[in-house]
Amino acid sequence: MRKIANCLFASALVPFLNAPLSAATDPFWPRLEDMVERSAYPLALYEINHAARPDAEKTHLDYLRGYCLRRMGQDPEKALNGIPRSSVWFLPARIELSEAYLSSGKTEKAAETMALAVSMEPLDERVERLADLYFVLGKYEKAAECYEKLSKRKPAFLYSLAWCHTRLGNYPKAMATWQTAISRLPQHPMSQEARLCLANSFLQLGRPLKASEQFRFARELDRAEFLAAEGLMGDGKNDLAIAHYRLVKGPFEEAALYGLSFSLGQQGRLEEAKKSFRTAINRFPKGKLLSESFYSLGRILELQGLSEEARAAYEKSIDADQGATERSTYRLVALLFNKGKNEETILWARKLEKEFPKSEWLPPALWAMGESAFALSDYPQAIAAYDKLVASENLGFLKNRGEEIKYRLGIAYLRNGKFEKAIEYLLGCQANYAEDALFWRAEATYRLGKSAQALWSEYLKRYPRGSHRFEAQYGLAWGYYRQSMLPEAANRFKLAAEGLSDPKLKRDALNRWGSLMAQLGNWSEAKEAFDRVEKADPSDPGNRFQKALCAYRLGQLDDAGMMLESFVSTNPSAPQNKEARSLIGQIKMKQGRFDEAAAIFETLSHDPALSQEERFEHTFKLAACYQNSGKAKAASEVYSSLMKEPDLSRDLQGELKGLMARANLQSGDLDSARLLAEEDATASLWAPETLDEVSKKYFEKKDFSGASKTLLAMKNRTPEQDLLLAHSFLSLGDATKSIPLLRELSLKKNSLQRTVLFELNKVQREDGRFKEALISFGRLSTLFPGKESVQAGMDLARASRDRKEPAVAREVYKAVAQGQAKTPVGRAACFALGELAIEAHDYREAAIAFRRAETASPPHSGLAAQASYWLGYTLVADRRFEDAIAELARLKPDGFNKEEIKTWLPLAWLKQGEAYENLRRFSDAEKIYKKVLVQGEESERREAKKRLDWIAKNIKKGSKK
């Protein structure tokens, strides 16, 4: 294909040389032509720009100007684009402009411009130029159209056409065009390149033997031999392939040596192949096929049973970090798994998954990972590996495919305690794992706390001699027990105990059998079970006690009580007699028969045969009976007597104190309960809770002194308790103690902070601590802004103002005015600020406040009128009379609602008149005062009359004189 060249000077000058005769005989044009031919472009451009030529020659001059500008490296676009389409210079200007666009990198515009030129006059050189531009732009279809037209007259363009087809991916058409070009112009300079392209196209289509032929024509013999060998090997002709591989030298020698080794391996000549691979590795230690060579060598070593050498080869293949890394990693996984090296198997399987997540060998690697993790009892990791295999379609490496994975997942989930998931997967195993899956599904169901009775029964029915039959009997027994089918449950426990090999399960089955027999009243079988488990003597009268005790522990209180009473009456000297009586008392307590239980424990507590510990235990239970029956005072006395027992542990003393305090609290003896709790306030868990209840009881009784004492005794009070203490102090009239406590509480971020801040602010305000209240108000408005905090601020401002603390009031009003701008509260704060400023004779500050009040008021409202009046008032007081007159003049009857303004308008006129008087504008003052006489109230009219009389007497009379 021809490269894009510079525009031919001759083609550019064709219109110039064919100029009209008048131009040719004119000395200006030959001189200009000579300059252009000698490349004296600056001189020619100067001549063109300063020539006084007729308008008819303007387009000619524009063309030559653009021609020179382009060659001088300047932009000719303006000059060339100015030539009209009707001009003879339009076409050469398009060609020149196309070259200019190309030079400045605007290839797209160059092609568009050249396409216009071709449409006007399709000369071959222009079509060729346009084709080359299209090719550069990647518009191969348009380029192909141009080259195809050119090739009909000039066969050399077939080569360019073939290149276009190649770039378009149309290899068959490209190959046909290459072949046509070679046959028609075999000696063309591009024929060699064409043969190479043709060979590469054959390779793209997977035809290496055809490619080899073309490489031979192109005299690239090593490549031809190599491709011939590749093609022969692909056809299964390994002997011929080996012969061709041995002939290859040069740049294809490494690939040929690898192909030779591979072909030897395919023929089963493993020793030769192994030797050949090692030769390739040694000869090309940094070759492109190093990874492949190590991988193939590892496969041969693995086939020969040399696992350690194979592992080393795979690891070197991975270290080479080339194309065989993925396969080598998988082979390492398989090799280590088969050798039982579970930890290493998992590590390499993870590496394969991380680096090659879409590998075709990932499913078997995941299986190896799961099995290895399962063997290591790492069930979460096993589950993760199996789970990724469930959705895989590549499970041909497993004998039972998906069912095997589901079974392993079910067992792994069961071992990991995820019983619902275990059941989900075991349900899918109905072919090759039916027996085991059914048993483990029943086990998982049982461990979920559900009835697995149907599953155990199904297992025993389908597999009466199954390997899990005794475990199934045990599980079935539990199912019957949970359904209260006690005889059947007992029978199943007995059957299970006969064959269970696990000693723990066997003992449990016997215990369950005995317990169920006792519960059912079948004391003979219960005795047999207890004899086997506890090795009890059948002739011992204590057997009856064991039966009663069994009934008691199973919750059969009535039966156990009757049996125990019978046992006590018939066996008065039996060693279990005292325990039996104690059990009777406990049964009566559980039945709510506290008086009867108390009588039993009182008798036992005075039994001289009892040990000190037994006496203490029964006395303790006696106190519990009193307390539960509502005899709190009696219970307290018993606890008090127990406190006097010698050698009591600190823990037991604390427990007795707590019970005694609870009894005192129950009886209403708050002082005693408090004192007991105070003794153990830091050493027990019950004391803080008891003190809390006592403090609340005091508070309910309005004994605020008792409440405060109780709360002060607590070492680690909660915020709620601190608040209650503060309330107690307040109720006692002691704000000096309440305020610091509330202040400390207000600094803690919790659910009480808002309430505490409000209360603190209120207490400080009521106690006259206005500066402190100002601080708490600031925190309140910052942390909890809203209507309530604003109201608290306004209350504080009013209180401080009433108590002659204007500075605090001023700060609060400023904060409210700023935070509540244009709201009624904010407006009220502005008015208050103005009033405070007037009281302090700070008229400037007052004017600012009343201006803000006016802005915050609804336009033309009475509030706005009031604010305007006071603004005028402060301006007069500040002796800013002109400003006051202007401000007060805004209060016009037609601008406000008459009802809303009627209060303020006469007052405003009076102030306006005062300002006029101070400015000695008495006539204006008279006019204003006369208005007041008409519209003002009685007091305002009197003031206006007084002012008018004064003016008449002192001003007008004086002027006459």
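What span should the 14 residues of helix α19 have, and how far apart are its end C-alpha atoms? In this predicted model, in which local features need pLDDT of at least 70, side-chain atom pairs count only at pLDDT 80 or more and totals for chains, interfaces and linings use all residues, helix α19 covers residues 290-303. Residues are numbered from 1 along each chain as its sequence is written, and side-chain values use heavy atoms, with hydrogens and water left out. At 1.5 Å a residue, α19 should span 20 Å, and its end C-alpha atoms are 20 Å apart, which agrees; the expected span is 1.5 Å times one less than the number of residues.

Helix α19 is largely enclosed by the rest of the structure, because 12 of its 14 residues are buried (buried, under 20% relative accessible area; exposed, over 50%; partly exposed, in between; 1.4 Å probe, protein chains only). Among the buried residues of α19 are L290, F294, Y295, L297, I300 and L301, and also E292 and E302. Just after the helix, G305 adopts a positive phi of about 80°.

Overall, the secondary structure of the protein consists of 56 helices and 0 strands (DSSP runs numbered from the N terminus: helices, H or I, at least four residues; strands, E, at least two). Of its 961 residues, 47% are buried. Of the contacts (heavy atoms within 4.5 Å) with a separation of 6 or more, 46% involve residues 24 or more positions apart. The accessible surface is about 49,300 Å², with 51% belonging to carbon and sulfur atoms (Shrake-Rupley method, 1.4 Å probe; for residues, only the protein chains shown count as cover).

Leaving aside residues up to four places away in sequence, Y407 touches L426, C429, Y433, D436, A437 and W440.

The structure contains 21 aromatic pairs (rings of Phe, Tyr and Trp, the last by its six-membered ring, with centres within 6.5 Å; planes under 30 degrees apart are stacked, over 60 edge-to-face and the rest tilted). The F374 and Y379 rings form an edge-to-face pair, because their centres are 5.3 Å apart and their planes lie at 75°; both residues are buried. The pair of Y869 and Y873 is tilted, with centres 6.2 Å apart and planes at 50°. These two tyrosines lie 4 residues apart in helix α51, about one turn of the helix. Y869 is buried at 7% relative accessibility, whereas Y873 is partly exposed at 25%. Ring pairs also link F439, W440, W456, Y459 and Y463 into a cluster.

Two arginines sit over rings (CZ of Arg or NZ of Lys within 6 Å of the ring centre and within 35 degrees of the ring normal): R415 lies over the face of W440, at 6.0 Å from the ring centre, and R947 over that of W950, at 5.2 Å.

Positive phi values also occur at R879, about 60°, and at R920, about 65°, although neither is a glycine. R879 is in the loop between α51 (862-877) and α52 (881-889) and is exposed, with a relative accessible area of 57%. R920 is in the loop between α54 (904-918) and α55 (922-935) and is exposed at 61%.
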